[in-house]
Amino acid sequence: MSVSDPFHLAIQVRDIDEARSFYGDFLGCPEGRSSESWVDFNLFGHQFVCHLNPALKDAPVTSHTNPVDGHGVPVPHFGVVLEMEAWEALAGKLKAHGVRFEIEPYIRFKGEAGEQATMFFYDPSGNALEFKAFKDRDTQLFKKQ
């Protein structure tokens, strides 16, 4: 996926090797620069950096939830808006590997302008991720009505 203006996101993780395994090996994000305390990944065309926070060894990142479409959505969270086929493949991979979902893959806002496929899960450090998709991402991503 090519992104004309990629975002940069840095998060804290409890273990760099664990982050490499989850984001690099499992999710398939290519690794860029790194050191003993941080690692860059290409997260679907975006610069995504995991920074070591040893304090997380004893207590994972925490979040609270906000009600959305009858579910408690973890905040903060991050992720990527994928094409529907890529979203379905990722959902299948996550299910096949026994990933515990905070919100199972489903279609949110069915029949409304914002109808979307979505799922929420956590990385090993407790960071909440959301991956979503639209039938036609180019016309539906920011559609109000």
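In what order do the elements of the chain run from the N terminus on? The order is β-α-β-β-β-β-β-β-α-β-β-β-α, a total of 3 helices and 10 strands. The model described here is predicted.

## Overall form

The chain has 145 residues, and a compact globule with that number would have a radius of gyration near 15 Å; the value for the chain is 16 Å, which agrees. Along the principal axes, the C-alpha atoms fill a box of roughly 45 × 30 × 30 Å. Of the 145 residues, 38% are buried. Among contacts with a separation of 6 or more, 55% are between residues 24 or more positions apart.

## Helix 2

Helix 2 covers residues 84-96. At 1.5 Å a residue, its 13 residues should span 18 Å, and the C-alpha atoms at its ends are 18 Å apart, so expectation and model agree.

Which residues of helix 2 are buried? They are Met84, Trp87, Leu90, Ala91 and Leu94. Viewed down the axis of helix 2, these buried residues fall within an arc of 125°, and therefore line one face of the helix. An α-helix has 3.6 residues a turn, so residues three or four places apart point the same way. On the other side of helix 2, the exposed residues are Glu85, Ala89 and Ala96.

The cover over the buried residues of helix 2 includes one helix, helix 1 (16-26). It also includes strand 7 (77-83), strand 8 (101-108), strand 9 (116-122) and strand 10 (128-134). After helix 2 comes Gly98, with a positive phi near 70°.

## The hairpin of strands 5 and 6

Strand 5 (residues 64-68) and strand 6 (residues 71-75) run antiparallel and are joined by 5 bridges. In one of these pairings, Asn66 has Val73 of strand 6 as its bridge partner. The two strands form a hairpin with 2 residues between them. Asp69 is in the turn of this hairpin and has a positive phi of about 55°. With a relative accessible area of 37%, Asp69 is partly exposed.

## Backbone exceptions

Most residues other than glycine have a negative phi, and most peptide bonds are trans. Phe109 lies in the loop between strand 8 and strand 9 and is partly exposed, at a relative accessible area of 23%. The peptide bond from Val75 to Pro76 is cis, with omega near 0°. Pro76 is found in the loop between strand 6 and strand 7.

## Cysteines

How many disulfides does the count come to? The count is 0. A disulfide is a covalent bond between the sulfur atoms of two cysteines. For Cys29, the closest cysteine sulfur is that of Cys50, 8.8 Å away, which is too far for a bond. The closest cysteine sulfur to Cys50 is in turn that of Cys29, at the 8.8 Å already given. Cys29 counts as buried because its relative accessibility is 4%, and Cys50 counts as buried at 0%.

Trp38 is found in strand 3 (residues 38-43). Its relative accessibility is 25%, so Trp38 counts as partly exposed. Leaving aside neighbours within four places in sequence, Trp38 is in contact with Ile16, Arg33, Val49, Cys50 and His51. Cys50, one of these contacts, is the buried cysteine at 0% relative accessibility. Trp38 and Asp17 are 21 residues apart along the chain, and their C-alpha atoms are separated by 10.0 Å.

Ser125 lies in the loop between strand 9 and strand 10. Is Ser125 buried or exposed? Ser125 counts as buried, with 3% relative accessibility. Not counting residues up to four places away in sequence, Ser125 touches Gln12, Val13, Arg14, Asp15, Glu18, Pro60 and Val61.

The relative accessibilities of single residues are set out below.

| Residue | Relative accessibility | Class |
|---|---|---|
| Cys50 | 0% | buried |
| Ser125 | 3% | buried |
| Cys29 | 4% | buried |
| Phe109 | 23% | partly exposed |
| Trp38 | 25% | partly exposed |
| Asp69 | 37% | partly exposed |

Conventions:
Residues numbered from 1 in each chain as written. Predicted model: local features only at pLDDT ≥ 70, side-chain atom pairs only at ≥ 80, totals over all residues. Heavy atoms only, no water. Helix = DSSP H or I, 4+ residues; strand = E, 2+ residues; numbered from the N terminus. Expected span 1.5 Å × (residues − 1). Buried < 20%, exposed > 50% of the residue type's maximum accessible area, 1.4 Å probe, protein only. Arc of directions from axis to C-beta. Contact = heavy atoms within 4.5 Å. Pairing = 2+ DSSP bridges. Disulfide = S-S within 2.5 Å. Rg over C-alpha atoms; globule rule 2.2 N^0.38 Å.
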